[in-house]
Amino acid sequence: MPTVVPTDPRATLRGGLPGRYLTPDDIADMFGVPLETVYQWRRKRTGPPGFRIGKHLRYDPADVRAYVSQRKSACQSAA
C-alpha cells in the first residue's frame, strides 16, 4: 500500500520528519506567514536556522522542530 503524504505542511512538524530539506515556501506554509516574513526572520536571525546549498536556501526539518520546541518552552516559561 502506498504511503500517504500529508497535504497540510504543518502536519510535517506534528508527524514524522520529511525525507528532504525544506524550502522557504515550506516554512511559510507551516507557520502560516508570508514568504517575506521567512526571509526577514533569516536576516534578523530570529527564525529557524537555514543554510545555503549554492544559491538555494534550505532548512533541516530537525532544526525546524527544535526551533518550534524552543519557542514553545519560552512561551510556557513566560506565562
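I take buried to mean under 20% relative accessible area, exposed to mean over 50%, and partly exposed to mean in between, with a 1.4 Å probe and protein chains only. Under that definition Glu36 is partly exposed, because its relative accessible area is 41%.

**Ground rules**

I note that this is a predicted model, in which local features need pLDDT of at least 70 and side-chain atom pairs count only at pLDDT 80 or more, while totals for chains, interfaces and linings use all residues. Residues are numbered from 1 along each chain as its sequence is written, and side-chain values use heavy atoms, with hydrogens and water left out.

**Overall layout**

I looked up the secondary structure, taking helices (H or I, at least four residues) and strands (E, at least two) as DSSP runs numbered from the N terminus. The protein has 4 helices and 2 strands, and from the N terminus on these elements follow the order α-α-α-β-β-α. Of the 79 residues in the protein, 22% are buried. The accessible surface, computed by the Shrake-Rupley method with a 1.4 Å probe, comes to about 5700 Å², and carbon and sulfur atoms account for 53% of this surface. For contacts I use heavy atoms within 4.5 Å; among those between residues at least 6 apart in sequence, 40% join residues at least 24 apart.

**Salt bridges**

I count a salt bridge where a side-chain nitrogen of Lys or Arg lies within 4 Å of a carboxyl oxygen of Asp or Glu, and by this rule I find 2 salt bridges. In one of them Asp26 is joined to Arg20, with the closest N and O atoms 2.7 Å apart; Asp26 is buried at 15% relative accessibility, whereas Arg20 is partly exposed at 46%. In the salt bridge between the side chains of Glu36 and Arg43 the N to O distance is 2.8 Å, and Arg43 counts as exposed at 58% relative accessibility.

**Nonpolar core**

I define a nonpolar core as a set of buried Ala, Val, Leu, Ile, Met, Phe, Trp, Tyr and Cys residues joined through side-chain atoms within 4.5 Å. The largest such core has 8 residues in all, namely Leu22, Ile27, Ala28, Met30, Val38, Leu57, Tyr59 and Val64. Helix 2 (24-31) and strand 2 (56-59) each supply at least two residues of this core, and helix 2 gives the most, with 3 residues. I also listed the contacts of Ile27: leaving aside residues up to four places away in sequence, Ile27 touches Leu22, Val38, Trp41, Pro48, Tyr59 and Val64.

**Aromatic rings**

I pair rings of Phe, Tyr and Trp (its six-membered ring) if their centres lie within 6.5 Å, and I call planes under 30 degrees apart stacked, over 60 edge-to-face and the rest tilted. By this rule there are 3 aromatic pairs. Phe31 and Trp41 are edge-to-face, at 5.8 Å centre to centre and 80 degrees between the planes. Since Phe31 lies in helix 2 and Trp41 in helix 3 (residues 35-44), this pair ties together parts that are 10 residues apart in sequence. Phe31 is partly exposed, with a relative accessible area of 27%. The rings of Phe31 and Tyr67 have centres 6.3 Å apart and planes at 90 degrees, so this pair is edge-to-face. This second entry links distant parts of the chain, with Phe31 in helix 2 and Tyr67 in helix 4, 36 residues apart. Tyr67 is buried, with a relative accessible area of 12%, and Phe31, Trp41 and Tyr67 form one aromatic cluster.
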